[in-house]
Amino acid sequence: MQQRTPGISPTYYKTIGFGLDTEQGQAYAAAKKMIDKYCGKVKNALDYGCGPGRSSRFLKASADSVLGVDVHPEAIVEAKKLPQENISYQLIQNGKLKFPVRFDLTFSGLVLLEVSNKKEISQILENLHKATTPDGTIIILTCTKAGYINDGDKWKCLLTEEEKESLKDGDSVPTGMTDSDEEFIDYYWSNSFYKNAFRENDLQLIETLYASPLEKNKKSRYVIYVCKKSKLET
Ligand SMILES: C[S@@+](CC[C@H](N)C(=O)[O-])C[C@H]1O[C@@H](n2cnc3c(N)ncnc32)[C@H](O)[C@@H]1O
């Protein structure tokens with residue numbers, strides 16, 4: 001068994017697509033619906049936690065230019081290996097980011113489930129708030145409880161049935177891959193945790209959309225939160 005570290009490795013992640021025959025593909029299709037509804041085509045978009053660039057390339061369809069940022073140096077190296085016009089990448093150092101401009105759309109896809117503590121989640125939400133134009137839109141795609149505790153796409157949940165039953169905010173969720181022996185750790189955050197965190201960070205939740213599960217009558221594994229800045233800045 002490999003050592004479990006937080007989050008999936010960028011080298012593995014870059015092999016994952018998001019065809020509509022996958023749960024993540026359905027999740028990104030739902031995110032696109034929300035982008036079309038609230039943003040249409042924007043001048044610029046920020047991809048917070050861009051990994052090896054999959055989500056930045058996804059955003060490019062809705063923005064003239066995209067900046068992808070990530071805390072993982074290897075993710076940025078991998079993202080830059082597949083250059084695309086008007087997509088640039090930047091490494092986040094010490095949790096803070098200084099942006100030369102604000103963004104009409106700030107997006108964070110499948111990132112908060114890799115964050116182990118509330119303080120860091122608040123830091124990310126604060127960064128998203130600061131990076132967004134006053135009328136801009138913040139869209140967050142993350143896992144539902146069903147997404148953590150069920151096997152699906154290429155992931156298998158390594159919690160016992162008892163641990164699944166008693167999951168609470170901040171608990172680690174060991175996860176394995178079905179096609180390799182890699183194992184990693186995600187962190188469970190509930191819907192009510194996110195709603196509070198948005199409020200505490202001056203983000204107004206305006207719509208919640210659950211991605212369509214691949215199998216009918218199953219619970220959705222992914223959720224999309226659409227937020228606006230709730231306080232006007234002076
Ligand atoms: C599961 S990957 C998702 C990548 C990409 N958004 C996508 O959907 O293809 C999660 C990414 O979030 C990044 N990440 C984790 N914690 C972060 C933080 N505090 N700030 C920014 N990025 C973070 C990881 O380095 C990783 O690249």
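A crossing of two helices is called left-handed if the near helix is turned anticlockwise from the far one by less than a right angle, and right-handed if clockwise. By that rule, α5 passes α8 in a right-handed crossing. Before going on, please note that this is a predicted model, in which local features need pLDDT of at least 70, side-chain atom pairs count only at pLDDT 80 or more, and totals for chains, interfaces and linings use all residues. Residues are numbered from 1 along each chain as its sequence is written.

| Helix | Residues in the contact |
|---|---|
| α5 | Ile121, Ser122 and Leu125 |
| α8 | Ala197, Phe198 and Glu200 |

The residues of this contact divide into 4 nonpolar, 1 polar and 1 charged. Here Ala, Val, Leu, Ile, Met, Phe, Trp, Tyr, Cys and Pro count as nonpolar, Asp, Glu, Lys and Arg as charged, and the others, Gly among them, as polar.

Now for the ligand: the shell around the ligand has 12 nonpolar, 6 polar and 4 charged residues.

Is leucine 141 buried or exposed? Leucine 141 counts as buried because it has 24 C-beta neighbours inside 10 Å, the cut-offs being 20 or more for buried, 12 or fewer for exposed, and partly exposed in between. Leaving aside neighbours within four places in sequence, its contacts are Ala27, Ala31, Gly109, Leu110, Tyr222 and Ile224.

Conventions:
Helices (H or I, at least four residues) and strands (E, at least two) are DSSP runs, numbered from the N terminus. Two residues are in contact if their C-beta atoms, placed from the backbone, lie within 7 Å.
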